[in-house]
Amino acid sequence: MSPAKMIPRLCRLRLVVAAVALLISCGFLWSREASAYPESHPPFPAGKPTPYSSLKAESVLDYHVESPFEEGPVRISTSPERDKVGRVTEIRVNNQPIFDTASAHSDLYFQFGSRVFYTDLTGDGRKDILVYSYPGSVGLGAHIEIADLLIAKADGQFTHVTFEGFAAGPEDFVDVNGDGRYEMLWVNYYFEGGHSYWVYRVVEIGDDNLRLNDQLTPDVPKLIWFTEKPNDKPTQKLTIAEREDLIRQSTASWQGSDQ
Ligand SMILES: [Ca+2]
């Protein structure tokens, strides 16, 4: 091979190496973006402290963890994975079963179990139980978790409420109006005019129910254009009718939960 032919070949090789390196770095950036993605679209500026005071919740069980949590009469445990059922997270009080994920969601399969948090959500001095289970969706839906809240009542019983949330977790509970009670920032994504938007709402936590209540803060409903970059700015791309349609979709999806 003559030196004249070797130079272009070397150049081509360098180009190929550079292209492969670029693809690898793009893939790395994309995967980092994807993993950071739920936190990249909060209703307040990404990467800065939450402007609201937020709930502190003790983590007592995590995905794949089977060792039970016990405190007083309360026992929370997750079973090993079973055929057709998955892992089942069960709560017992005084050895009486009061909740389990298989009975509450017989149509879903929780392969990993649940993340469980123990905390006084309602500020009445009694500890409530927050259960988040991953139903194994794909695509954007891979961030959807099923939430089951067990709210302790004065008579020792628990009220059960359930809903779906995008990247749901105890960090969603913040005091949006500064009255000392926590509310929940609830978000999901919906399609309008060929694009996806985040729709943030506020859920008021009553003693025995949860309800959408956007009156508690002027910050919601907040509609954010979906991008792969952090973005907390309300979208300017929607007409009033499109905005209302997105809010209707969000309301319907909340009401579709077993309230
Ligand atoms: Ca509040």
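How many helices and strands does the secondary structure of the protein come to? Here are a few notes on that and on what follows from a look through the model.

1. First, the overall make-up. This is a predicted model, and its secondary structure comes to three helices and 15 strands. Buried residues account for 26% of the 259 residues. Of the contacts between residues at least 6 apart in sequence, 48% join residues at least 24 apart.

2. Next, the open sheet. Five strands make it up, in the order β2-β7-β8-β9-β10, and the pairing is antiparallel. At the edges stand β2 (58-61) and β10 (158-166); each has a single partner strand, so one side of each is left without a neighbour in the sheet. On average, neighbouring strands here are turned by 25° against each other, direction ignored.

3. Now the largest nonpolar core, which has 41 residues. Val116, Ile129, Leu130, Leu185, Trp198, Val199 and Val203 have the most contacts inside it. Among the elements that give two or more residues to this core are β7 (114-119), β8 (128-133), β9 (144-152) and β12 (183-192). The largest share, seven residues, comes from β13.

Note on methods: Residues numbered from 1 in each chain as written. Predicted model: local features only at pLDDT ≥ 70, side-chain atom pairs only at ≥ 80, totals over all residues. Core = buried A, V, L, I, M, F, W, Y, C linked by C-beta atoms within 7 Å. Buried ≥ 20, exposed ≤ 12 C-beta atoms within 10 Å, placed from the backbone. Helix = DSSP H or I, 4+ residues; strand = E, 2+ residues; numbered from the N terminus. Pairing = 2+ DSSP bridges. Axes fitted to C-alpha atoms, helices over the stretch in contact; angles between N-to-C directions. Contact = placed C-beta atoms within 7 Å.
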